[in-house]
Amino acid sequence: MNNMLKYGALAVFVGAAGVAHADPAETKGGITIKSEDGRFEAKIGGRIHFDGNLIDGDDNGPSSADYSDVFFRRARLTLSGKAYGWEYKFEEDFGSTSSPSERDMYIATGVGPGKLYLGQFKPYRGMEEMTSSNEITFMERPYVQANFPSEQFSMGVGYKGDTDNFTYALAAQNRKVDGDGNNSSESLVTSARFTFAPVNTETTTLHLGVSGSVDNLNRGKNDTVGIQYAGRNVGSLKLSSPFVEGTFIGGELAGKVGPFYAQAEYMTGDLDLAGGGSETTTAYYVQASWHVTGESKPYKHGVFKSVKPKGSNGALELKVRYEFAENEDIVDNEVEAITVGANWYVNPNVRFMLDYIMAEAKAGTSVGADEPKVLAARAQFSF
């Protein structure tokens, strides 16, 4: 509640400071107040993702419990804007399990052909990871993203830029939480991502990308690597011991032709373990969708975005995804899933999502395979 009051007070202050010298507020894509000279700007945005899951666990496997539930997957309030050539963004997630949780929180300014970022933001890696949760095709990101250590945001400095056909991004950051539960300069994550779209028109796009990162966990953390997360009770990739450093390299291939869209990624991680030695994890996915109502996904800044409905009845998208992840050094330590579903875009701000997940998880030869099934739905509002 204190954070909500702080946000409200800050928004009122910014609005009051700008009203006397501002044009009328804009409401396209959020509530925006701008000064007449264009040097100052404040924008309020937010998102609500209200989820429900029906999970049928498999009693034979390591993830046998049923965790059917309804919950707020995300409930965020965002304040962004600019002043004297500098941009800023503050975002809190009140739906987080550690609620409230700081997400993006940075200042940025143009330097050369790109933009310099100072503060907290995502490391630059993976197409799906760089796609906003408001824009992703499925309710949850694939195992490729779960392959990374659990903290999604880190603090430091980044630089990125783009053209219509090319993007580049580099960052050096402290991990948000290190092996001792602190922000430490010894827990460094460096990342880089480059993309190229040799074909990029309103209806046809071909995307190629590569990214890489090195995560130093200082004194070691995580004896599992991702996989089990909100809405998906499908097990985890096990490690022989916690790891102290991970090197991740991934490739991206995506494209669209009119209402048809497809996207694929491959990621491999080499992990140095606290107990000595190393282990390798790999993950990949292939997903596709078809907009029955004829819309074509927009492409900008190296990612695909949600469509805006053409008609008054909204836009309908049918979708399918296959994904797989494994620890190559532990026999039968792997997870895979097939997800089918549909998205209904009521208008540019409201979307309803339905996913049906059929998964199989193996935690080694001593434990039987787990084959849970998940029916998940989301009501999404964003502005």
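How many cavities of 30 Å³ or more does the count come to? Two, by the rule used here. Keep that in mind for the second stop.

Before you click, some ground rules. This is a predicted model with residues numbered from 1 along each chain as its sequence is written; local features need pLDDT of at least 70, side-chain atom pairs count only at pLDDT 80 or more, and totals for chains, interfaces and linings use all residues. Side-chain values use heavy atoms, with hydrogens and water left out.

**Stop 1: a patch on the surface**

Select Phe-166, Leu-170, Phe-194, Phe-196, Val-199, Leu-206, Leu-208, Val-210 and Leu-253. Together they form a nonpolar patch on the surface, with about 730 Å² of accessible area. Patch residues have over 30% relative accessible area and no salt bridge; like charges are joined within 9 Å, and nonpolar side chains (Val, Leu, Ile, Met, Phe, Trp, Tyr) within 5 Å. The areas come from the Shrake-Rupley method with a 1.4 Å probe, and for residues only the protein chains shown count as cover.

Which elements give two or more residues to the patch? They are β8 (166-175), β9 (188-200) and β10 (204-221). Helices (H or I, at least four residues) and strands (E, at least two) are DSSP runs, numbered from the N terminus.

Zoom in on Phe-166, in strand β8. Phe-166 counts as partly exposed because its relative accessibility is 36%. The scale is this: buried means under 20% relative accessible area, exposed over 50%, partly exposed in between (1.4 Å probe, protein chains only).

**Stop 2: a cavity**

Rolling a probe the size of a water molecule over the atoms shows where empty space is left. Here, a cavity is a set of points, on a 1 Å grid over the protein atoms alone, where a 1.4 Å probe fits but cannot get out; lining residues have an atom within 4 Å of a point. Grid points are joined across faces, edges and corners, and a volume is the space filled by probe spheres set on the points.

Go to the second largest cavity, with a volume of about 50 Å³. Select its lining: Glu-128, Thr-131, Glu-135, Ile-136, Thr-137, Tyr-261, Gln-263, Gln-287, Lys-297 and Phe-304. Colour them by class. You get three nonpolar, four polar and three charged residues. Ala, Val, Leu, Ile, Met, Phe, Trp, Tyr, Cys and Pro count as nonpolar, Asp, Glu, Lys and Arg as charged, and the others, Gly among them, as polar.

**Stop 3: salt bridges**

Side chains of opposite charge can pair when their charged atoms come close. A salt bridge here is a side-chain nitrogen of Lys or Arg within 4 Å of a carboxyl oxygen of Asp or Glu. The whole structure has 12 of them.

Select Glu-91 and Arg-47. Their closest N and O atoms are 3.6 Å apart. Glu-91 is buried at 2% relative accessible area. Arg-47 also counts as buried, at 12%.

Next, select Arg-73 and Glu-140. They meet in a salt bridge of 2.7 Å, N to O. Arg-73 is in strand β3 (residues 69-83), and Glu-140 is in the loop between α2 (127-130) and α3 (143-146), 67 residues apart. Glu-140 is buried, at 7%.

Now take Lys-319 and Asp-355, joined by a salt bridge of 2.6 Å, N to O. Lys-319 sits in strand β18 (residues 315-327) and Asp-355 in strand β20 (residues 350-363), 36 residues apart. Lys-319 is buried at 5%, and Asp-355 is buried at 3%.

Finally, show Arg-47, Arg-76, Glu-91 and Asp-93 together. Salt bridges that share partners join these four into one network.

**Stop 4: far in sequence**

Find Val-144 in helix α3. Val-144 is buried, at 0% relative accessibility. Draw a C-alpha to C-alpha line from Val-144 to Tyr-266: 6.9 Å in space, 122 residues in sequence.

Then find Leu-188 in strand β9. Leu-188 is partly exposed, at 36%.

**Stop 5: positive phi**

Most residues other than glycine have a negative phi. Select Tyr-84, in the loop between β3 and β4. Its phi is near 50 degrees, a positive value. Tyr-84 is exposed, at 56%.

End at Asp-332, in the loop between β18 and β19 (333-347). Asp-332 has a positive phi of about 55 degrees. Asp-332 is partly exposed, at 33%.

How values were computed: On a 1 Å grid over the protein atoms alone, a cavity is a set of points where a 1.4 Å probe fits but cannot get out, and a pocket is an open set with protein on both sides within 12 Å along at least five of seven lines; lining residues have an atom within 4 Å of a point.
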